[in-house]
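Dear colleague,

Please find below the structure that I am handing over to you.

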Amino acid sequence: MIHENVDILCNELDKELKKRGLSRRDALKLAGIGTASFMLNPTEMQAATRAEASDVKGKIVIVGGGAAGCSIASLLSKKISNPDITIIEPNPQSVSYQPGQTLIAAGVWKKEDIMGDNVDYYPSSAKWIQDSVKEFDPDKNSVITEKNGVIAYDILVVATGLQLNYEEIDGLSESVIGTNGIGSIYFADGAVKTWELMQEFVASAKSGKKVQGVFTHPNTPIKCGGAPKKIMNLTHARLVEAGARENAELTFYPNGGSMFGVPEYHEAIVNQFKARDLKWNYKHNLVAVNPAKKIATFEHHFLEKGEWDADLEEFTMIPRTKLVDVAYDFLHVTPPMSAPDVVKNSPLSWKRGSAAKGGWVEVEKETLQHTRYPNVFSLGDVAGIPMGKTGGSVRKQYTVAAQNIIDVLEKKKPSAKYGGYTVCPLITGLGTVMLAEFDWSKKPTPSFPLDPTQERWIWWILKVYMLKPMYFHGMLTGRA
Ligand SMILES: Cc1cc2nc3c(=O)[nH]c(=O)nc-3n(C[C@H](O)[C@H](O)[C@H](O)COP(=O)(O)OP(=O)(O)OC[C@H]3O[C@@H](n4cnc5c(N)ncnc54)[C@H](O)[C@@H]3O)c2cc1C
């Protein structure tokens, strides 16, 4: 339960900043969130902000009341004078702060530090139906729920997040996480168990045993692309802290052929890996785990030199795969991810090209409006747009989608555009973070004039003390 209020969080932040001679105002400015005025004057957040509310009419149904669904519901309830908003969400704590799961798995936070109750954050003017959608019927402007039957809408917002597909890896399921040295930070209880396993791993190295830590990254889009590396860096930091680093080998096995899609961040991460003696093997996709024997099996894909092509004057390259067994003491699994089956199997998902595989919602990447159903919008992890499966992207997307929904209800063309901004606070140690901000141009897009490829303590302060209040009291309430 998130029992702290924003005053308590701000006091905690002030104590940390004081040690470094920085005021809260300066820190917010430096972090590019100077606009988060509620963190300078917490009582201001109580004030109603219903300026220039639109009096459009129309029933808005939001499926999924997590980070994206709650934020857009809050903003729409401010922007429309008599809002008719329904949120369909089965989990009473769906607003909980997922980015904190990485810190739970490293023993920095406890599970209760990230949990939030929907009733404290959903706007009072919205109706919450605690149920799941089992079918989308956009041709009839309705959804079908498990318990409440058919619910009709004028505007539909699909914000279901994504589905973790552990069972696509032979030998794995969510229930295996936390056993036999297998950790995973992608659900809160998995993160709690990962911290227990990490401590066992560190203790084993400290006892003098030579141990192997293995960290995976699958062949699908994932939420927070930096997270598999964050947990690896934190394992390294805990080993160093225990004086046991030399007894552990830590190896990253990503499916891809680089550390990051943005060349500047790729290079910075390679240098960070070298400085910490972290190993890596590209083009390895985890396909099976034998928990009893502690063996992870990867499909290694590579190109082999074939025949000489006289016309092209070069060798043909033949794609090959081979299975590689890797023994581990501690395995951190990042599972394959996709849209939830109910979305994937609906008329709303991409039916063409590589996007069809993940089943993501087919939206226009700038307006977040469905390309075939103009009264349907999607944002957050389930939206079928390039990159951007982060809370940082949601923070930019929900204002765009809210404006465009009002435009459509006012019978106008969507006027707001999302520029592809996303952010990954890449934790590089206990006390340092590299703040990787970028957009569709695949170029760093720093919010402030500092070299974005450097690890800095100020971003640790941002990550550990500022982003959580920003999320709970700014984003979820439609204020920042
Ligand atoms: C370990 C980890 C670390 C992360 N680190 C960062 C970070 O450092 N920075 C950052 O910006 N982001 C980070 N993220 C990503 C961020 O948490 C997500 O991008 C964000 O939560 C996405 O919001 P969402 O609303 O799309 O999905 P969610 O918040 O997951 O919400 C989706 C909701 O939809 C509901 N739902 C699903 N199916 C149905 C259905 N059929 N009917 C009704 N409701 C349904 C679910 O119950 C859920 O509550 C991290 C995530 C994880 C797991």
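In what follows, Ala, Val, Leu, Ile, Met, Phe, Trp, Tyr, Cys and Pro count as nonpolar, Asp, Glu, Lys and Arg as charged, and the others, Gly among them, as polar. On that basis, the shell around the ligand consists of 18 nonpolar, 16 polar and four charged residues. Please bear in mind that this is a predicted model.

Of the 38 residues around the ligand, the nearest are Gly-64, Gly-66, Ser-94, Gly-161 and Gly-380. Two or more residues of the shell are given by each of helix 3 (67–79), helix 4 (101–104), helix 11 (391–409) and strand 19 (422–429). Seen by domain, at least three residues of the shell come from domain 2 (49–162 + 340–420), and at least three from domain 3 (167–337).

I turn next to the protein as a whole. Its secondary structure amounts to 12 helices and 20 strands. The C-alpha trace spans about 65 × 60 × 45 Å along its principal axes. For 480 residues, a compact globule would have a radius of gyration near 23 Å, and the protein, at 23 Å, agrees with this. Of the 480 residues, 48% count as buried. Among contacts between residues at least 6 apart in sequence, 65% join residues at least 24 apart.

One hairpin may be of interest. Strand 4 (residues 133–137) and strand 5 (residues 142–145) run antiparallel and are joined by four bridges. Glu-135, for example, has Ile-144 in strand 5 as its bridge partner. Four residues lie between the two strands of this hairpin, and Asn-141 is in the turn.

Two residues call for comment on their backbone. Most residues other than glycine have a negative phi. Asn-141, although not a glycine, has a positive phi of about 50°. Glu-313 is not a glycine either, and its phi is positive at about 55°; this residue is placed in the loop between strand 14 (295–309) and strand 15 (314–327).

Yours sincerely

Key: Residues numbered from 1 in each chain as written. Predicted model: local features only at pLDDT ≥ 70, side-chain atom pairs only at ≥ 80, totals over all residues. Pairing = 2+ DSSP bridges. Near = placed C-beta within 6 Å. Domains from an automatic or database assignment. Rg over C-alpha atoms; globule rule 2.2 N^0.38 Å. Buried ≥ 20, exposed ≤ 12 C-beta atoms within 10 Å, placed from the backbone. Contact = placed C-beta atoms within 7 Å.
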